[in-house]
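Open the model in your viewer and keep the selection tool at hand. This tour goes stop by stop.

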Amino acid sequence: MAKAPALPRGFELPLEPRLSRIGSVDAVALEERAASLAKRSIKREAKVFALELAVRMMDLTTLEGQDTPGKVAALASKAIRPDPSAAGVPSVAAICVYPNLVPTAVARVEGTSVKVASVATAFPSGQSPLEPKLEEVRWVVEHGADEVDMVIDRGAFLSGRYAKVYDEIVRVKEASGEAHLKVILEVAELGTYDNVRRASLLAMAAGADFIKTSTGKLPGAATLPVTLCMLEAIRDVYEETGRMIGMKPAGGIRQAKQAVQYLVQLHETLGPEWLTPDRYRLGASSLLNDVLMQLRKEKTGAYQSPDYFTVD
Amino acid sequence: MTELERKQDRTPVPKEWAYAPAPEARDIVSLRERYGHFVGGGWLDPAESYTTISPATEEPLAEVGQATAEEVQAAVLAAREAFENGWSGISASERAKYLFRIARILQERSREFAVLETLNGGKPIKESRDVDLPLAAAHFFYYAGWADKLEYAFPNRRPRPVGVAGQIIPWNFPLLMLAWKIAPALAAGNTVVLKPAETTPLSALLFADVLRQAELPAGVVNIVTGDGRTGAAIVQAEGVDKIAFTGSTEVGKAIQRELAGTGKKLTLELGGKAANIIFDDAALDQAVEGIVNGIYFNQGHVCCAGSRLLVQESIYEPVVEKLKRRLTTLRVGDPLDKNTDVGAINSKEQLARIQELVASGEQEGAEIYQPPCRLEGLLVRADGFHERRAELSHSAGRDLRAGALDPHLPHSRGGGRKGEQHAVRPERRCLDREGLAHSVDGRAPARRRRVGEHLQPLRPELAVRGLQGIRLRPGRRPARPRAVSAVRRKRMKRLPVRKTYKLFIGGAFPRSESGRTYEAEGQNVARASRKDVRDAVRAARAALPKWAGMTAYNRGQVLYRLAEMIETRSSEFADLSSGREEVERTVDRVVWYAGWADKLAQVLGSSNPVSGPYFNFTVPEPTGVVAVLAPEEPPLLGLVSRLVPVLTGGNTVVAVASETHPLAAIELAEALATSDVPGGAVNLLTGHADELAPWLASHMDVNALDVTGADGAAADLERAAADNVKRIVRGEPDTQSPWDIASFLEFKTVWHPVGQ
């Protein structure tokens with residue numbers, strides 16, 4: 001464990017004394033709390049508020065081998081104006097693409113509020129040497145990406161080489177320059193909430209602007225309890241340092257109802273200060289249409305059909 | 001990029017997010033103006049009465065009886081008679097089935113009871129809905145299973161009923177306490193006189209209606225209402241064999257004194273004062289959740305509410321800070337609002353007691369923390385010791401005062417076993433008097449166990465917790481032959497197990513999302529809501545590719561299989577319809593349509609003469625998801641006559657069953673589920689058609705609407721259907737015709753160039 005001064009408080013110590021300073025998570029109580037918050041009943045104007053906010057916070061994502069410039073162009077149009085028949089529906093926060101498609105995405109959203117996020121650092125596995133990872137980060141930033149979504153080295157984390165994980169984030173942060181850095185923990189591979197908490201604190205200490213649950217490439221991506229666990233880590237960092245780190249659950253959020261549950265959880269855990277796309281993002285692809293359908297349902301009073309919304 | 005896109009809204013995000021009110025509808029509960037006492041299966045007019053209110057608004061809800069000693073005696077006599085004349089003599093398996101029935105009926109009427117519980121008691125609807133009602137039903141279900149297995153609970157001890165149990169329960173969990181008391185007593189073969197708390201009598205009175213539906217023999221359960229005088233009358237009544245009481249320690253002592261020397265059995269469940277002990281290796285955020293649940297659940301109206309907090313010194317600051325912040329997020333308000341965390345204090349008297357105790361704490365030098373959501377206070381002791389007594393409100397008033405006067409509750413200083421002793425010692429001291437349920441938060445399992453051992457205050461309990469009203473004999477002693485009365489020897493007719501009538505959505509049988517039922521044909525039938533409509537349409541849409549994508553020949557075979565399934569259940573269907581003839585005609589009709597499935601293209605499709613070098617042909621295709629409002633009569637044939645032609649064409653269906661005769665539709669759902677019709681191809685909803693039909697008519701994902709069963713209201717439905725140009729079909733309740741299939745088909749015409 002080299003570089004002790006740069007590590008967050010507690011990480012330089014051997015495991016036992018470290019635990020109490022990093023803190024731990026009780027799975028049963030965490031899941032109960034998440035489940036109870038998910039039962040909030042959000043109606044009428046409060047629901048419209050949440051749905052519009054969900055749109056504003058969305059990182060509309062396509063991360064497929066079959067992505068083409070044409071698909072990214074369509075995605076960009078949808079990101080800028082999600083519902084062509086309802087001018088009041090705001091733009092999404094960003095579109096999230098693979099590095100190769102950054103130039104197309106940047107050209108398509110130019111002049112709008114929509115940002116371009118690119119995954120990088122050998123997404124999704126992170127199993128590459130550091131230099132090519134950094135090169136990838138520099139490349140996407142040079143080509144205009146506003147935000148970089150990196151993955152942590154889970155192999156290093158799970159084998160106890162926290163310093164390697166930490167150093168890598170620090171280097172990627174440097175390489176990102178002005179671009180915002182989101183650090184993907186890939187919680188499904190971390191195994192326990194304790195590990196999620198540890199990885200969250202490590203990423204925040206190393207300079208993450210956002211911490212993010214998942215790549216979306218594995219089953220068991222974002223869940224309400226794991227997101228709550230990360231929000232609590234963010235809150236502890238805020239209490240201790242005053243830094244306001246952002247949160248991005250991603251993967252498996254497909255329904256408007258889920259989006260509202262995530263926002264309720266955010267609202268009642270970190271408070272209204274975090275109710276902004278600067279501090280919270282929802283990584284999603286099919287979610288947007290469901291949110292648009294719910295918005296129109298609130299407006300017309302009738303349940304909607306996907307037939308009347310664009311196919312992604 | 002277009003100019004329009006450039007202009008897209010970029011206004012800053014608003015920050016305030018106030019949740020809109022989300023009140024649970026209270027019209028599901030219909031109360032009478034006056035209630036008597038439920039005695040011997042009927043209502044006894046009370047000599048005196050009082051008004052019971054909603055503590056949240058002080059709105060009067062109903063007049064209820066204040067039972068006199070004579071009225072109590074009448075109830076005890078009824079219970080005695082029921083005990084002697086049958087209940088204790090029927091077989092335990094039959095008793096079990098009554099209790100199973102009660103459990104089911106509570107599940108079926110859960111929302112009605114939840115709303116009433118919240119109205120009359122002030123607890124948040126989310127708790128009565130998610131805790132009180134499911135648990136009350138679970139208790140009946142649990143003890144039902146024990147009724148005929150008592151010899152396994154008490155091997156070699158020949159468990160027998162005690163007789164008549166007088167049961168007095170508190171106001172903090174009115175229906176759940178009733179279940180705690182009545183279920184085990186009945187399971188063991190006793191009969192009951194129960195008195196709900198003075199402030200919360202209504203759920204017990206509504207429970208009498210559950211007993212009617214369960215057909216429980218008269219007098220087995222009797223319910224009298226009133227204040228402490230009524231309770232005293234039960235304790236003193238002649239012919240009571242056992243008293244079970246949950247409530248304050250003071251009253252418990254008085255009852256114990258009163259019963260001394262009478263030989264009557266007694267069970268007391270009294271108040272306590274619980275501690276949360278938090279060590280420095282605890283998961284802090286979750287420990288805070290534990291504290292909040294421990295003390296704010298049910299406004300703190302819990303006998304084992306965690307009213308003390310002992311925190312290891314090294315984490316004292318963060319825990320208190322986290323707790324204070326967490327308290328600001330509690331939502332205090334209308335108990336019927338689904339987002340309310342803390343509802344109404346149960347009564348004015350209780351509120352006054354809380355306020356007085358908080359004031360006395362402050363006088364002793366504690367500092368009060370009051371979050372912006374206006375709770376009754378968090379006390380932090382100024383002298384380095386601290387004690388939390390927020391919402392100090394449970395039935396044991398004296399205990400609280402003792403707590404307030406308790407000299408010092410030190411938080412543990414440092415770790416190690418010595419620290420543990422610090423934490424545990426004061427708790428042990430008060431455990432003898434008051435301890436009921438403590439919680440220990442900390443990672444180290446060994447420490448949790450050590451502390452747990454120190455805290456263990458209770459006598460070893462019987463393996464079967466809570467089974468009361470049982471007379472046990474020591475093992476191996478030969479039992480005296482039991483006198484068997486003539487009445488007992490009478491063979492009781494077997495009690496049939498009844499069906500729970502649910503919805504049919506996506507191939508599964510869920511209860512209504514709304515938790516509502518209505519009574520039809522003598523049964524509690526699920527009363528679907530708009531959200532069930534939403535789910536059903538979603539299921540129908542999801543099933544469409546599979547059903548429409550089958551070959552027509554396969555669809556015909558599946559429909560024929562459905563006919564087989566109806567035929568094999570023909571006697572059941574006959575009971576639920578006008579009779580065997582209706583069932584036979586139904587089966588024949590399904591067979592007739594099954595034969596149509598692979599002939600539609602030939603009869604309804606065409607190749608068309610056109611002027612040009614084109615091969616022009618027309619093929620029929622399903623229109624999509626079809627909503628069917630089934631006619632009221634005939635209950636089976638009417639539904640099938642509208643449903644099956646729609647299916648034959650390859651559509652999927654959401655049907656609303658006959659409102660007055662829904663049971664045949666539910667039976668049909670079971671036939672569908674066992675045929676090869678894919679899950680979701682047919683969804684059947686029961687409930688009030690005029691509530692559901694508008695949601696179907698306006699639903700943008702429904703492609704056609706059969707309004708045969710809508711009388712009168714169809715104009716509004718047709719208007720709503722215009723938004724996505726739904727096909728509207730008004731058919732006959734009893735016809736069979738290929739045109740009924742064609743009404744739900746789209747005709748696609750293809751121009752195929754021919755030439756070189």
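Which residues in H5(B) meet which residues in H7(B)? The model is predicted, so treat each stop as a computed picture. Select helix H5 (residues 125-147) and helix H7 (residues 174-187) of chain B. From H5(B), pick Asp132(B), Leu135(B), Ala136(B), His139(B), Phe140(B), Tyr143(B), Ala144(B), Trp146(B) and Ala147(B). From H7(B), pick Leu175(B), Leu176(B), Ala179(B), Trp180(B), Ala183(B), Pro184(B) and Ala187(B). These two sets meet. By class, the contact has 14 nonpolar, one polar and one charged residues.

Now look along the helices. Two packed helices are described by the angle between their axes and the distance between the axes. Here the axes come within 9 Å and cross at roughly 5 degrees. That makes H5(B) roughly parallel to H7(B).

**Chain B as a whole**

Zoom out to chain B. It has 27 helices and 26 strands. Of its 756 residues, 50% count as buried. Take the contacts in chain B with a separation of 6 or more: residues 24 or more positions apart account for 75% of them.

**A buried helix**

Select helix H24 (residues 663-674) of chain B. Its end C-alpha atoms are 17 Å apart, which agrees with the 16 Å that its 12 residues should span at 1.5 Å a residue. Is H24(B) enclosed or open? Nine of its 12 residues are buried, so H24(B) is largely enclosed by the rest of the structure. Colour the buried ones: Leu663(B), Ala664(B), Ala665(B), Ile666(B), Glu667(B), Leu668(B), Ala669(B), Ala671(B) and Leu672(B). Next, show what they pack against: strand E18 (523-526), helix H19 (552-568), helix H20 (570-576), helix H23 (637-648) and strand E23 (682-685) of chain B.

Select Glu633(B) and Pro634(B), which are joined by a cis peptide bond with omega of about -15 degrees. Pro634(B) is in the loop between strand E21 (625-629) and H23 of chain B.

**Where the chains meet**

Show both chains. The contact takes 37 residues from chain B and 40 residues from chain A. On the side of chain B, the elements giving two or more residues are helix H1 (3-6), helix H11 (284-296), helix H18 (530-549) and helix H25 (689-698). H11(B) provides the largest share, five residues. By class, this side of chain B has 13 nonpolar, eight polar and 16 charged residues.

**The cores**

Which residues have the most contacts inside the largest nonpolar core? Select Ala54(A), Met58(A), Ile95(A), Val183(A) and Ala203(A). The core has 132 residues. Helix H10 (residues 224-241) of chain A gives the most to it, with nine residues. Centre on Ile95(A). Leaving aside neighbours within four places in sequence, Ile95(A) is in contact with Leu60(A), Leu75(A), Ala76(A), Ala79(A), Ala105(A), Val109(A), Val114(A) and Val116(A). A second, separate core of 85 residues includes Tyr98(B), Leu106(B), Phe113(B) and Ala214(B).

Select Glu186(A), in the loop between strand E5 (180-184) and helix H9 (193-205) of chain A. Its phi is positive, about 55 degrees, although it is not a glycine. Glu186(A) counts as buried, with 23 C-beta neighbours inside 10 Å.

Go to Glu215(B), in the loop between helix H8 (202-214) and strand E8 (221-223) of chain B. Its phi is also positive, about 60 degrees. Buried or exposed? Glu215(B) is exposed, with 11 other C-beta atoms within 10 Å.

Finish at Phe123(A) and Pro124(A), joined by a cis peptide bond with omega of about 0 degrees. Pro124(A) lies in the loop between strand E3 (115-120) and helix H6 (130-142) of chain A.

Technical notes. Residues numbered from 1 in each chain as written. Chains lettered and ligands numbered in written order. Predicted model: local features only at pLDDT ≥ 70, side-chain atom pairs only at ≥ 80, totals over all residues. Axes fitted to C-alpha atoms, helices over the stretch in contact; angles between N-to-C directions. Helix = DSSP H or I, 4+ residues; strand = E, 2+ residues; numbered from the N terminus. Parallel < 35°, antiparallel > 145°, perpendicular 65-115°, else oblique. Contact = placed C-beta atoms within 7 Å. Nonpolar A, V, L, I, M, F, W, Y, C, P; charged D, E, K, R; others polar. Expected span 1.5 Å × (residues − 1). Buried ≥ 20, exposed ≤ 12 C-beta atoms within 10 Å, placed from the backbone. Core = buried A, V, L, I, M, F, W, Y, C linked by C-beta atoms within 7 Å.
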